[in-house]
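Please take a moment to look over the sequence and the model that follow.

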Amino acid sequence: MSLDIISSAKSFGGWHKQYSHQSVSNNCTMRFAIFLPPQTVSGEKVPVLYWLSGLTCTDENFMQKAGAFETAAKLGIAIVAPDTSPRGEGVADDPEGSYDFGLGAGFYLNATQAPFNQHYNMYDYVVNELPKIIEENFPVTNQRAISGHSMGGHGALTVALKNPDRYTSASAFSPISNPINCPWGQKAFYGYLGDNKQDWREYDSCELMKFSADAKQLPMLVDQGDADDFLEKQLKPEALQAAAELSSYPLTLRIQAGYDHSYYFISSFISEHLKFHHQYLENTKATL
């Protein structure tokens, strides 16, 4: 695998770097960013938090706005942020040019409908291809946690629920919790997956959680602002709470008073999320 470096900057004793590479899953050139904490400079291998961003975002939004590097440096956690969708010449986009479908809105699934099935395989990319690249090319362990925001919160929770053996923990900010029952999710699922709603359930956190009682369950933290403009119509945290209660899932859902959907919200609590993941990454490390 050939990685082409785009940028590099020192931060809190570690390094933030951007790379591009040819993706097999998405059949195009993809970009990701990685923060390597200072422990890696001296040769130590560290665990990884994978961060999935929301609609219209790229790998840059979280890395530039979240303020996560100081805590990640102290805890010794690498952070990897992929782009939110395939891009480039020949990659299909919404013909109407909307922000919530097509480029920048991959929804972390494997598309089955033409022409999107040629490139939109973000689920395979996040679960398999990207971790393989990271673990083969950087000083990291195979200990992984996953988090995200909005559409990326949806991605983080569904990926974790479908792959509990690959992650130690999961968290999210303002996730699209029940996409089969909200406009963003319905538009994306119909366009990427077709009209068989049984297929939609495979990428819905609430549906996956309802039937998780007999499977391995990961510790999960979700923060949601009560001043979020998308709360009632798009995000539906109450449905996630109900699904967790049905399956006795170890979900901690916190409603944060006065916070909206922005990175002001994320930056206010990202250190707590990193510390949440760190305790489980450390416990896993002790058993290796």
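**A walk through the model**

The structure, which is a predicted model, holds 14 salt bridges. One of these joins Asp 59 to Arg 31, with the closest N and O atoms 2.6 Å apart. This pair links distant parts of the chain, since Asp 59 sits in the loop between β4 (46–52) and α1 (60–65) while Arg 31 belongs to strand β3 (residues 28–36), 28 residues away.

Because Arg 31 lies in strand β3 and Glu 60 in helix α1, the pair ties together parts that are 29 residues apart in sequence. Glu 60 has a relative accessibility of 28% and so counts as partly exposed. Taken together, Arg 31, Asp 59 and Glu 60 are linked in a network of salt bridges.

Another charged pair is found within a single helix. The side chains of Lys 210 and Glu 207 meet in a salt bridge of 3.1 Å, N to O, and both residues lie in helix α7 (residues 205–210), three residues apart, which is about one turn of the helix. An α-helix has 3.6 residues a turn, so residues three or four places apart point the same way. Of the two partners, Lys 210 is partly exposed, with a relative accessible area of 33%, while Glu 207 is buried, with a relative accessible area of 12%.

In soluble globular proteins, nonpolar side chains tend to be buried together. In this model the largest nonpolar core has 65 residues, and the members that touch the most other members are Phe 32, Phe 107, Ile 134, Ile 146, Phe 189, Tyr 192 and Met 220. Helix α3 (residues 122–137) supplies the largest share of this core, namely eight residues. Apart from this core lies another, of 23 residues, which includes Ala 72, Ala 145, Phe 173 and Leu 274.

What does Phe 189 touch, if residues up to four places away in sequence are not counted? Its partners are Phe 107, Leu 109, His 154, Pro 179, Ile 180, Gly 194, Trp 200 and Tyr 203.

Helix α4 has twelve residues and reaches 17 Å from its first C-alpha to its last, close to the 16 Å expected at 1.5 Å a residue. Because eleven of those twelve residues are buried, α4 is largely enclosed by the rest of the structure.

The loop between α4 (151–162) and β7 (170–173) contains Asp 165. Is Asp 165 buried or exposed? Asp 165 is exposed, because its relative accessible area is 66% and exposed means over 50%. The C-alpha atom of Asp 165 is separated by 9.3 Å from that of Gln 217, a residue 52 places apart from Asp 165 along the chain.

A further loop, between β9 (251–256) and α10, holds His 261. With a relative accessibility of 15%, His 261 counts as buried. The side chain of His 261 makes a polar contact of 2.6 Å with the side chain of Asp 228. Leaving aside neighbours within four places in sequence, the residues in contact with His 261 are His 149, Ser 150, Ser 174, Asp 228, Phe 230 and Leu 235.

The last stop is Ser 271, which has its place in helix α10 (residues 263–287). Ser 271 is partly exposed, with a relative accessible area of 25%. Which residue does the side chain of Ser 271 join through a polar contact? The partner is Thr 71, and the polar contact between the two side chains is 2.7 Å. Although Ser 271 and Thr 71 are 200 residues apart along the chain, their C-alpha atoms are separated by 6.0 Å.

Definitions and conventions. Residues numbered from 1 in each chain as written. Predicted model: local features only at pLDDT ≥ 70, side-chain atom pairs only at ≥ 80, totals over all residues. Heavy atoms only, no water. Core = buried A, V, L, I, M, F, W, Y, C linked by side-chain atoms within 4.5 Å. Buried < 20%, exposed > 50% of the residue type's maximum accessible area, 1.4 Å probe, protein only. Helix = DSSP H or I, 4+ residues; strand = E, 2+ residues; numbered from the N terminus. Contact = heavy atoms within 4.5 Å. Polar contact = N/O pair within 3.5 Å; in protein donor to acceptor, adjacent residues only side chain to side chain. Expected span 1.5 Å × (residues − 1). Salt bridge = Lys/Arg side-chain N within 4 Å of Asp/Glu carboxyl O.
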